[in-house]
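Visitor: I would like to go through this model with you. Could we look at it together?

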Amino acid sequence: EYKDMSKERMMEIRRQNCNPMTMKVTYYKKPVYIHQGHMQWLWDVDGRRYLDLFAGVATVSVGHCHPKVTAAAEKQLRKLWHTTNIYVYSPLHEYTEKLAATLPDPLKVIYLTNSGSEANDLAMLMARLHTGNFDVITLRGSYHGGSPHTMGLTSNAAYKYPVASGLGCHNTMCPDVFAGPWGGSNCRDSPIQTIRDCSCPQGSCTANDKYIGQLNEVFATSVPSRIAAFFAEPIMGVGGAVQYPKNFLKDTYKLVRERGGVCIADEVQTGFGRTGSHFWGFQGHDVIPDMVTMAKGIANGFPMGAVVTTPEVAASFAKGVHFNTFGGNPVACAIASSVLDTMEEDGTQQISHNVGTYLLTELAKMRDKYEIIGDVRGKGLQIGVEMVKDKASRKPLPPAAMSEIFEDTKDMGVLIGKGGVYGQTFRIKPPMCITKNDADFFLAVFNQALHNYMEDHH
Ligand code: PMP
(Lines give C-alpha, C1' and ligand atoms only; values in the text may rest on other atoms or scores of the structure.)
Protein backbone atom coordinates (compact mmCIF):
# COMPACT_ATOMS: atom_id res chain seq x y z
CA GLU A 1 0.00 0.00 0.00
CA TYR A 2 1.41 3.36 -1.11
CA LYS A 3 1.71 5.94 1.64
CA ASP A 4 2.23 9.66 1.02
CA MET A 5 4.98 11.54 2.79
CA SER A 6 3.84 13.94 5.48
CA LYS A 7 3.05 17.46 4.26
CA GLU A 8 5.76 18.91 6.50
CA ARG A 9 8.40 16.56 5.10
CA MET A 10 7.37 17.37 1.49
CA MET A 11 7.68 21.11 2.20
CA GLU A 12 11.08 20.61 3.85
CA ILE A 13 12.36 18.70 0.81
CA ARG A 14 10.77 21.22 -1.53
CA ARG A 15 12.68 24.00 0.22
CA GLN A 16 15.99 22.14 0.15
CA ASN A 17 16.02 20.06 -2.99
CA CYS A 18 13.54 21.50 -5.43
CA ASN A 19 13.65 24.40 -7.83
CA PRO A 20 13.10 27.36 -5.47
CA MET A 21 10.55 28.78 -7.90
CA THR A 22 8.28 25.89 -7.03
CA MET A 23 7.91 27.48 -3.58
CA LYS A 24 6.63 30.65 -5.23
CA VAL A 25 4.31 28.93 -7.61
CA THR A 26 2.57 26.63 -5.19
CA TYR A 27 -0.28 28.93 -6.22
CA TYR A 28 -2.16 28.76 -2.96
CA LYS A 29 -1.45 30.11 0.52
CA LYS A 30 -2.55 26.72 1.77
CA PRO A 31 -1.06 24.40 -0.88
CA VAL A 32 -2.96 21.45 -2.28
CA TYR A 33 -1.17 18.16 -1.55
CA ILE A 34 -2.33 15.79 -4.25
CA HIS A 35 -2.64 12.10 -3.66
CA GLN A 36 -4.61 10.75 -6.60
CA GLY A 37 -6.62 11.56 -9.69
CA HIS A 38 -9.53 10.00 -11.52
CA MET A 39 -11.15 11.61 -14.60
CA GLN A 40 -12.15 15.18 -13.63
CA TRP A 41 -11.36 14.65 -9.95
CA LEU A 42 -8.30 15.01 -7.75
CA TRP A 43 -8.02 13.89 -4.14
CA ASP A 44 -5.62 15.41 -1.65
CA VAL A 45 -3.67 13.49 0.96
CA ASP A 46 -6.47 14.08 3.48
CA GLY A 47 -9.01 12.49 1.16
CA ARG A 48 -10.64 15.78 0.14
CA ARG A 49 -11.96 15.79 -3.41
CA TYR A 50 -11.50 18.64 -5.87
CA LEU A 51 -13.13 19.24 -9.21
CA ASP A 52 -10.11 19.90 -11.42
CA LEU A 53 -10.93 22.63 -13.93
CA PHE A 54 -7.29 23.36 -14.74
CA ALA A 55 -6.13 19.85 -15.73
CA GLY A 56 -2.45 20.60 -15.27
CA VAL A 57 -2.86 23.58 -17.63
CA ALA A 58 -5.01 21.90 -20.30
CA THR A 59 -2.80 18.83 -20.17
CA VAL A 60 -5.08 16.10 -18.89
CA SER A 61 -7.26 15.86 -21.95
CA VAL A 62 -9.46 12.78 -21.53
CA GLY A 63 -9.37 12.49 -17.72
CA HIS A 64 -6.92 11.75 -14.91
CA CYS A 65 -5.77 8.13 -15.06
CA HIS A 66 -8.39 7.40 -17.71
CA PRO A 67 -8.87 3.59 -17.48
CA LYS A 68 -8.49 3.00 -21.25
CA VAL A 69 -5.31 5.06 -21.50
CA THR A 70 -3.88 3.50 -18.35
CA ALA A 71 -4.56 0.04 -19.77
CA ALA A 72 -2.81 0.95 -23.05
CA ALA A 73 0.21 2.26 -21.11
CA GLU A 74 0.39 -0.89 -18.95
CA LYS A 75 0.20 -3.14 -21.99
CA GLN A 76 3.01 -1.30 -23.77
CA LEU A 77 5.16 -1.11 -20.61
CA ARG A 78 5.22 -4.91 -20.51
CA LYS A 79 6.22 -5.22 -24.16
CA LEU A 80 8.75 -2.55 -25.15
CA TRP A 81 9.74 0.73 -23.53
CA HIS A 82 12.49 1.95 -25.62
CA THR A 83 14.78 1.48 -28.54
CA THR A 84 16.19 4.17 -30.76
CA ASN A 85 13.86 5.03 -33.55
CA ILE A 86 16.39 3.92 -36.15
CA TYR A 87 14.55 0.59 -35.74
CA VAL A 88 11.04 0.13 -36.99
CA TYR A 89 8.34 -0.55 -34.40
CA SER A 90 4.60 -0.60 -34.65
CA PRO A 91 3.39 1.94 -32.02
CA LEU A 92 5.16 4.85 -33.74
CA HIS A 93 3.58 4.08 -37.09
CA GLU A 94 0.15 3.35 -35.70
CA TYR A 95 0.28 6.70 -33.97
CA THR A 96 1.68 8.91 -36.71
CA GLU A 97 -0.83 7.57 -39.21
CA LYS A 98 -3.68 8.29 -36.78
CA LEU A 99 -2.43 11.77 -35.89
CA ALA A 100 -1.85 12.73 -39.53
CA ALA A 101 -5.45 11.76 -40.31
CA THR A 102 -6.69 14.48 -37.93
CA LEU A 103 -4.91 17.22 -39.90
CA PRO A 104 -5.73 18.73 -43.30
CA ASP A 105 -3.41 18.43 -46.27
CA PRO A 106 -0.56 19.21 -46.65
CA LEU A 107 0.15 18.81 -42.91
CA LYS A 108 1.28 15.20 -42.96
CA VAL A 109 4.90 14.90 -41.73
CA ILE A 110 5.34 14.38 -38.01
CA TYR A 111 8.31 14.87 -35.69
CA LEU A 112 7.76 13.61 -32.17
CA THR A 113 9.31 15.41 -29.20
CA ASN A 114 8.90 15.30 -25.43
CA SER A 115 7.47 18.70 -24.61
CA GLY A 116 5.93 21.83 -26.06
CA SER A 117 9.10 23.90 -25.72
CA GLU A 118 11.00 21.25 -27.62
CA ALA A 119 8.36 21.23 -30.35
CA ASN A 120 8.47 25.02 -30.72
CA ASP A 121 12.28 24.99 -30.70
CA LEU A 122 12.23 22.48 -33.50
CA ALA A 123 9.57 24.37 -35.45
CA MET A 124 11.61 27.58 -35.22
CA LEU A 125 14.73 25.80 -36.45
CA MET A 126 12.84 24.19 -39.34
CA ALA A 127 11.24 27.50 -40.32
CA ARG A 128 14.63 29.19 -40.45
CA LEU A 129 16.21 26.43 -42.48
CA HIS A 130 13.29 26.17 -44.85
CA THR A 131 12.95 29.88 -45.55
CA GLY A 132 16.60 30.84 -45.28
CA ASN A 133 15.40 33.74 -43.12
CA PHE A 134 15.97 34.36 -39.44
CA ASP A 135 13.41 36.69 -37.89
CA VAL A 136 10.38 35.37 -36.06
CA ILE A 137 7.32 37.28 -34.88
CA THR A 138 5.01 36.38 -31.99
CA LEU A 139 2.23 38.16 -30.13
CA ARG A 140 2.92 40.23 -27.05
CA GLY A 141 1.73 38.41 -23.95
CA SER A 142 2.12 34.96 -25.49
CA TYR A 143 3.79 31.88 -24.01
CA HIS A 144 5.56 29.42 -26.29
CA GLY A 145 8.11 27.81 -23.98
CA GLY A 146 10.89 28.30 -21.48
CA SER A 147 13.96 26.94 -23.30
CA PRO A 148 16.58 29.54 -24.26
CA HIS A 149 15.23 29.80 -27.80
CA THR A 150 11.52 29.64 -27.05
CA MET A 151 11.99 32.16 -24.21
CA GLY A 152 12.46 34.59 -27.07
CA LEU A 153 9.09 33.65 -28.56
CA THR A 154 7.45 33.99 -25.16
CA SER A 155 6.44 37.55 -24.36
CA ASN A 156 5.69 37.68 -20.66
CA ALA A 157 8.24 39.22 -18.28
CA ALA A 158 7.59 36.60 -15.61
CA TYR A 159 9.22 33.95 -17.82
CA LYS A 160 12.14 36.02 -19.13
CA TYR A 161 15.76 35.83 -17.96
CA PRO A 162 18.48 38.38 -18.71
CA VAL A 163 20.40 36.19 -21.11
CA ALA A 164 20.96 36.28 -24.85
CA SER A 165 17.81 34.40 -25.69
CA GLY A 166 15.56 34.83 -28.65
CA LEU A 167 17.91 36.45 -31.13
CA GLY A 168 15.76 37.47 -34.06
CA CYS A 169 12.49 37.18 -32.10
CA HIS A 170 10.08 40.11 -32.21
CA ASN A 171 6.64 40.75 -30.81
CA THR A 172 3.69 42.52 -32.29
CA MET A 173 0.82 43.93 -30.27
CA CYS A 174 -1.64 41.35 -29.05
CA PRO A 175 -5.00 42.03 -30.74
CA ASP A 176 -6.87 42.06 -27.45
CA VAL A 177 -10.24 43.70 -28.01
CA PHE A 178 -10.99 43.86 -24.29
CA ALA A 179 -7.86 45.27 -22.65
CA GLY A 180 -6.07 46.53 -25.76
CA PRO A 181 -6.50 50.05 -27.15
CA TRP A 182 -8.94 48.99 -29.90
CA GLY A 183 -12.08 46.95 -29.68
CA GLY A 184 -14.86 47.88 -27.34
CA SER A 185 -18.04 46.45 -26.04
CA ASN A 186 -19.42 45.42 -29.43
CA CYS A 187 -16.41 43.23 -30.08
CA ARG A 188 -17.04 41.32 -26.88
CA ASP A 189 -20.68 40.53 -27.43
CA SER A 190 -20.32 37.00 -28.69
CA PRO A 191 -18.17 35.09 -26.24
CA ILE A 192 -18.56 31.69 -27.85
CA GLN A 193 -16.65 32.23 -31.05
CA THR A 194 -13.08 31.15 -31.73
CA ILE A 195 -12.55 34.67 -32.90
CA ARG A 196 -14.11 37.84 -31.54
CA ASP A 197 -16.63 38.12 -34.33
CA CYS A 198 -18.03 41.41 -33.16
CA SER A 199 -21.50 42.69 -33.74
CA CYS A 200 -20.46 46.13 -34.97
CA PRO A 201 -22.40 47.23 -38.05
CA GLN A 202 -20.88 45.82 -41.20
CA GLY A 203 -17.67 47.58 -42.13
CA SER A 204 -17.64 49.88 -39.09
CA CYS A 205 -15.25 47.91 -36.89
CA THR A 206 -11.67 48.95 -37.33
CA ALA A 207 -10.09 46.94 -34.49
CA ASN A 208 -8.61 44.29 -36.77
CA ASP A 209 -7.19 46.88 -39.17
CA LYS A 210 -5.56 48.72 -36.27
CA TYR A 211 -3.89 45.58 -34.89
CA ILE A 212 -2.78 44.57 -38.38
CA GLY A 213 -1.39 48.11 -38.61
CA GLN A 214 0.79 47.30 -35.60
CA LEU A 215 2.09 44.21 -37.37
CA ASN A 216 2.90 46.35 -40.40
CA GLU A 217 4.86 48.64 -38.11
CA VAL A 218 6.90 45.66 -36.91
CA PHE A 219 7.56 44.82 -40.57
CA ALA A 220 8.60 48.40 -41.25
CA THR A 221 10.76 48.94 -38.20
CA SER A 222 12.03 45.73 -36.65
CA VAL A 223 12.65 42.98 -39.19
CA PRO A 224 14.34 42.63 -42.56
CA SER A 225 12.07 42.49 -45.59
CA ARG A 226 11.96 38.70 -45.45
CA ILE A 227 11.16 36.76 -42.30
CA ALA A 228 11.24 33.14 -41.16
CA ALA A 229 8.02 32.64 -39.22
CA PHE A 230 5.02 33.85 -37.30
CA PHE A 231 3.90 31.86 -34.23
CA ALA A 232 0.51 32.22 -32.54
CA GLU A 233 -1.93 30.16 -30.54
CA PRO A 234 -5.47 30.07 -31.96
CA ILE A 235 -6.69 31.23 -28.54
CA MET A 236 -4.04 32.32 -26.06
CA GLY A 237 -3.43 30.02 -23.11
CA VAL A 238 -1.07 31.42 -20.48
CA GLY A 239 -1.81 34.85 -21.97
CA GLY A 240 -5.35 34.58 -20.58
CA ALA A 241 -7.61 33.04 -23.26
CA VAL A 242 -7.28 36.12 -25.45
CA GLN A 243 -9.22 35.78 -28.71
CA TYR A 244 -8.37 37.80 -31.76
CA PRO A 245 -10.72 39.85 -33.89
CA LYS A 246 -12.23 38.27 -36.97
CA ASN A 247 -9.71 37.82 -39.79
CA PHE A 248 -6.67 38.69 -37.65
CA LEU A 249 -4.92 35.36 -38.18
CA LYS A 250 -6.03 35.13 -41.79
CA ASP A 251 -4.70 38.60 -42.62
CA THR A 252 -1.52 37.99 -40.64
CA TYR A 253 -0.81 34.67 -42.39
CA LYS A 254 -1.13 36.43 -45.74
CA LEU A 255 1.28 39.22 -44.79
CA VAL A 256 3.78 36.79 -43.28
CA ARG A 257 3.72 34.57 -46.37
CA GLU A 258 4.23 37.60 -48.61
CA ARG A 259 7.46 38.15 -46.71
CA GLY A 260 8.63 34.59 -47.24
CA GLY A 261 7.72 33.40 -43.74
CA VAL A 262 5.91 30.28 -42.62
CA CYS A 263 2.92 30.36 -40.27
CA ILE A 264 3.01 28.22 -37.16
CA ALA A 265 0.00 27.40 -35.01
CA ASP A 266 0.94 26.57 -31.43
CA GLU A 267 -1.81 24.10 -30.52
CA VAL A 268 -0.19 23.01 -27.26
CA GLN A 269 -3.33 24.09 -25.37
CA THR A 270 -6.01 24.51 -28.04
CA GLY A 271 -5.53 21.26 -29.94
CA PHE A 272 -7.28 17.89 -29.65
CA GLY A 273 -10.82 19.20 -29.61
CA ARG A 274 -10.47 21.66 -26.76
CA THR A 275 -12.17 24.48 -28.67
CA GLY A 276 -15.22 22.25 -29.20
CA SER A 277 -16.31 23.11 -32.71
CA HIS A 278 -13.05 21.95 -34.26
CA PHE A 279 -10.38 19.40 -33.50
CA TRP A 280 -7.67 22.02 -34.12
CA GLY A 281 -7.97 25.61 -32.99
CA PHE A 282 -6.67 27.02 -36.29
CA GLN A 283 -9.69 25.52 -38.08
CA GLY A 284 -11.83 28.10 -36.28
CA HIS A 285 -9.85 30.84 -38.01
CA ASP A 286 -10.24 29.46 -41.52
CA VAL A 287 -6.47 29.16 -42.05
CA ILE A 288 -4.08 26.28 -42.69
CA PRO A 289 -0.71 26.76 -41.06
CA ASP A 290 2.58 25.50 -42.47
CA MET A 291 3.40 23.91 -39.14
CA VAL A 292 1.44 22.89 -36.09
CA THR A 293 3.08 22.34 -32.73
CA MET A 294 1.42 20.32 -29.99
CA ALA A 295 2.06 18.81 -26.53
CA LYS A 296 0.16 18.73 -23.20
CA GLY A 297 -3.16 17.03 -24.07
CA ILE A 298 -1.55 14.93 -26.81
CA ALA A 299 -0.84 12.13 -24.32
CA ASN A 300 -3.16 13.08 -21.44
CA GLY A 301 -0.20 14.21 -19.32
CA PHE A 302 2.44 11.71 -20.36
CA PRO A 303 5.47 13.70 -21.65
CA MET A 304 5.14 14.09 -25.40
CA GLY A 305 5.10 16.78 -28.05
CA ALA A 306 5.04 17.02 -31.83
CA VAL A 307 5.65 19.21 -34.81
CA VAL A 308 3.51 18.47 -37.85
CA THR A 309 4.49 20.08 -41.12
CA THR A 310 4.38 19.80 -44.89
CA PRO A 311 6.55 17.47 -47.02
CA GLU A 312 8.14 20.60 -48.48
CA VAL A 313 9.31 21.98 -45.12
CA ALA A 314 10.39 18.48 -44.07
CA ALA A 315 12.52 18.18 -47.21
CA SER A 316 14.47 21.33 -46.31
CA PHE A 317 15.09 19.91 -42.84
CA ALA A 318 16.26 16.55 -44.18
CA LYS A 319 19.57 18.08 -45.22
CA GLY A 320 20.96 17.38 -41.74
CA VAL A 321 20.36 14.66 -39.17
CA HIS A 322 17.81 15.39 -36.49
CA PHE A 323 17.87 12.93 -33.63
CA ASN A 324 15.78 12.79 -30.48
CA THR A 325 16.39 9.93 -28.01
CA PHE A 326 12.99 9.84 -26.37
CA GLY A 327 10.87 11.45 -29.08
CA GLY A 328 8.40 8.87 -30.38
CA ASN A 329 9.24 6.16 -27.86
CA PRO A 330 6.84 3.20 -27.90
CA VAL A 331 5.24 3.97 -24.54
CA ALA A 332 4.45 7.60 -25.42
CA CYS A 333 3.13 6.51 -28.83
CA ALA A 334 0.91 3.79 -27.35
CA ILE A 335 -0.49 6.27 -24.84
CA ALA A 336 -1.03 9.04 -27.40
CA SER A 337 -2.66 6.53 -29.72
CA SER A 338 -5.12 5.43 -27.08
CA VAL A 339 -5.80 9.09 -26.25
CA LEU A 340 -6.96 9.66 -29.84
CA ASP A 341 -9.14 6.52 -29.69
CA THR A 342 -10.55 7.57 -26.34
CA MET A 343 -11.36 11.05 -27.62
CA GLU A 344 -13.45 9.47 -30.32
CA GLU A 345 -15.10 6.87 -28.10
CA ASP A 346 -15.89 9.29 -25.28
CA GLY A 347 -16.90 12.16 -27.58
CA THR A 348 -14.60 14.61 -25.84
CA GLN A 349 -14.79 17.27 -28.54
CA GLN A 350 -18.57 17.27 -28.29
CA ILE A 351 -18.31 17.53 -24.50
CA SER A 352 -15.97 20.49 -24.96
CA HIS A 353 -18.48 22.13 -27.21
CA ASN A 354 -21.56 21.42 -25.09
CA VAL A 355 -20.25 21.99 -21.59
CA GLY A 356 -17.97 24.82 -22.77
CA THR A 357 -20.81 26.70 -24.44
CA TYR A 358 -22.95 26.24 -21.33
CA LEU A 359 -20.16 27.53 -19.07
CA LEU A 360 -19.48 30.53 -21.30
CA THR A 361 -23.15 31.43 -21.46
CA GLU A 362 -23.60 31.19 -17.69
CA LEU A 363 -20.35 33.03 -16.98
CA ALA A 364 -21.42 35.83 -19.32
CA LYS A 365 -24.53 36.23 -17.12
CA MET A 366 -22.23 36.51 -14.08
CA ARG A 367 -20.18 39.12 -15.93
CA ASP A 368 -23.29 41.24 -16.20
CA LYS A 369 -23.96 40.82 -12.48
CA TYR A 370 -20.51 41.50 -11.01
CA GLU A 371 -18.62 44.77 -11.43
CA ILE A 372 -15.29 42.96 -11.12
CA ILE A 373 -15.82 40.54 -14.01
CA GLY A 374 -14.64 42.47 -17.05
CA ASP A 375 -14.72 39.87 -19.78
CA VAL A 376 -15.78 36.28 -20.33
CA ARG A 377 -14.29 34.67 -23.40
CA GLY A 378 -13.01 31.55 -25.03
CA LYS A 379 -14.40 28.63 -26.86
CA GLY A 380 -15.17 25.08 -25.83
CA LEU A 381 -13.17 24.27 -22.73
CA GLN A 382 -10.54 26.99 -23.24
CA ILE A 383 -12.13 29.72 -21.13
CA GLY A 384 -10.91 32.97 -19.59
CA VAL A 385 -12.62 35.23 -17.08
CA GLU A 386 -10.81 38.55 -16.95
CA MET A 387 -11.17 40.28 -13.60
CA VAL A 388 -11.08 44.06 -13.31
CA LYS A 389 -11.09 46.73 -10.61
CA ASP A 390 -14.23 48.09 -12.25
CA LYS A 391 -15.90 47.82 -15.60
CA ALA A 392 -15.21 51.43 -16.60
CA SER A 393 -11.42 51.35 -16.16
CA ARG A 394 -10.88 47.71 -17.20
CA LYS A 395 -7.75 47.84 -15.00
CA PRO A 396 -6.64 44.40 -13.77
CA LEU A 397 -7.98 43.25 -10.43
CA PRO A 398 -4.84 43.33 -8.19
CA PRO A 399 -3.06 40.04 -7.37
CA ALA A 400 -4.14 40.02 -3.70
CA ALA A 401 -7.80 40.18 -4.69
CA MET A 402 -7.31 37.52 -7.36
CA SER A 403 -5.67 35.26 -4.77
CA GLU A 404 -8.50 35.72 -2.32
CA ILE A 405 -11.16 34.59 -4.82
CA PHE A 406 -8.89 31.85 -6.09
CA GLU A 407 -8.16 30.46 -2.61
CA ASP A 408 -11.81 30.60 -1.65
CA THR A 409 -12.80 28.71 -4.84
CA LYS A 410 -10.24 26.05 -4.02
CA ASP A 411 -11.41 25.82 -0.38
CA MET A 412 -14.90 25.12 -1.72
CA GLY A 413 -13.52 22.27 -3.82
CA VAL A 414 -12.75 23.60 -7.31
CA LEU A 415 -9.33 24.09 -8.88
CA ILE A 416 -9.01 26.72 -11.60
CA GLY A 417 -5.99 28.56 -13.04
CA LYS A 418 -4.71 32.10 -13.37
CA GLY A 419 -3.17 33.77 -16.39
CA GLY A 420 -2.75 36.97 -18.34
CA VAL A 421 0.28 39.21 -18.21
CA TYR A 422 -0.92 40.72 -14.90
CA GLY A 423 -2.33 37.47 -13.52
CA GLN A 424 -5.79 39.02 -13.92
CA THR A 425 -7.58 36.25 -15.78
CA PHE A 426 -9.04 33.10 -14.28
CA ARG A 427 -8.51 30.19 -16.62
CA ILE A 428 -10.80 27.21 -17.00
CA LYS A 429 -9.50 24.30 -19.08
CA PRO A 430 -10.70 21.06 -17.49
CA PRO A 431 -10.26 17.48 -18.58
CA MET A 432 -12.71 17.08 -21.46
CA CYS A 433 -14.87 14.63 -19.54
CA ILE A 434 -16.68 17.11 -17.30
CA THR A 435 -20.43 17.17 -17.13
CA LYS A 436 -23.08 19.87 -16.94
CA ASN A 437 -23.44 19.00 -13.23
CA ASP A 438 -19.74 19.73 -12.72
CA ALA A 439 -20.20 23.03 -14.54
CA ASP A 440 -23.13 23.88 -12.24
CA PHE A 441 -21.07 23.01 -9.19
CA PHE A 442 -18.29 25.31 -10.35
CA LEU A 443 -20.69 28.13 -11.20
CA ALA A 444 -22.22 27.93 -7.72
CA VAL A 445 -18.79 27.89 -6.08
CA PHE A 446 -17.43 30.74 -8.18
CA ASN A 447 -20.55 32.79 -7.56
CA GLN A 448 -20.15 32.23 -3.82
CA ALA A 449 -16.45 33.18 -3.92
CA LEU A 450 -17.26 36.40 -5.77
CA HIS A 451 -20.13 37.12 -3.41
CA ASN A 452 -17.81 36.60 -0.40
CA TYR A 453 -15.22 38.91 -1.90
CA MET A 454 -17.75 41.65 -2.64
CA GLU A 455 -19.22 41.37 0.88
CA ASP A 456 -15.80 41.77 2.43
CA HIS A 457 -14.53 44.60 0.23
CA HIS A 458 -17.40 46.70 -1.03
N1 PMP B 1 3.20 26.51 -25.93
C2 PMP B 1 2.14 26.79 -25.16
C3 PMP B 1 0.95 27.45 -25.78
C4 PMP B 1 2.13 26.46 -23.80
O5 PMP B 1 1.07 26.73 -23.06
C6 PMP B 1 3.26 25.80 -23.25
C7 PMP B 1 3.30 25.42 -21.79
N8 PMP B 1 2.57 26.18 -20.92
C9 PMP B 1 4.35 25.54 -24.09
C10 PMP B 1 4.28 25.89 -25.42
C11 PMP B 1 5.57 24.86 -23.57
O12 PMP B 1 5.28 23.55 -23.29
P13 PMP B 1 6.20 22.67 -22.28
O14 PMP B 1 5.97 23.22 -20.91
O15 PMP B 1 5.72 21.28 -22.48
O16 PMP B 1 7.61 22.87 -22.72
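Visitor: In what order do the four strands of the open sheet lie?
Guide: The order is β11-β12-β15-β14, and the pairing is antiparallel. Strands pair if DSSP finds at least two bridges between them; strands (E, at least two residues) and helices (H or I, at least four) are DSSP runs numbered from the N terminus. Please note that this is a predicted model, in which local features need pLDDT of at least 70, side-chain atom pairs count only at pLDDT 80 or more, and totals for chains, interfaces and linings use all residues. Residues are numbered from 1 along each chain as its sequence is written.

Visitor: Which are the edge strands?
Guide: β11 (373-379) and β14 (417-419) are the edge strands, each pairing on one side only. β14 pairs with β15 (residues 425-428) in the antiparallel sense over three bridges, and Lys-418 stands opposite Phe-426 in β15.

Visitor: Which helix packs on that sheet?
Guide: Helix α12 (residues 348-369) does, touching β11, β12 (382-387) and β15. The direction of α12 makes about 170 degrees with that of β11. Axes are lines fitted to C-alpha atoms, for helices over the stretch in contact, and angles run from 0 to 180 degrees between N-to-C directions.

Visitor: Changing topic: at what angle do α4 and α11 pack?
Guide: Helix α4 (residues 67-79) and helix α11 (residues 330-346) pack at about 155 degrees, with their axes 9 Å apart. The two are therefore roughly antiparallel, a term for angles over 145 degrees, whereas those under 35 count as roughly parallel.

Visitor: And which residues make the contact?
Guide: Among them are Ala-72, Ala-73 and Leu-77 of α4 and Ala-334, Ile-335 and Val-339 of α11; contact requires C-beta atoms, placed from the backbone, within 7 Å. By class, this contact has nine nonpolar, three polar and one charged residues. Ala, Val, Leu, Ile, Met, Phe, Trp, Tyr, Cys and Pro count as nonpolar, Asp, Glu, Lys and Arg as charged, and the others, Gly among them, as polar.

Visitor: Are α8 and α9 roughly parallel or antiparallel?
Guide: Helix α8 (residues 207-221) and helix α9 (residues 248-258) pack at about 30 degrees, their axes 10 Å apart, and are therefore roughly parallel. Tyr-211 and Leu-215 of α8 are among the contact residues, as are Phe-248 and Leu-255 of α9.

Visitor: Which residues come nearest to the ligand?
Guide: Of the 15 residues around the ligand, Ser-115, Gly-116, Ser-117, Gly-237 and Val-268 come nearest; a residue is near if its C-beta atom, placed from the backbone, lies within 6 Å. The shell divides into five nonpolar, eight polar and two charged residues.

Visitor: Which helix gives the most to that shell?
Guide: Helix α6 (residues 116-131) does, with three residues.

Conventions:
Angles under 35 degrees count as roughly parallel, over 145 as roughly antiparallel, 65 to 115 as roughly perpendicular and the rest as oblique. Two residues are in contact if their C-beta atoms, placed from the backbone, lie within 7 Å.
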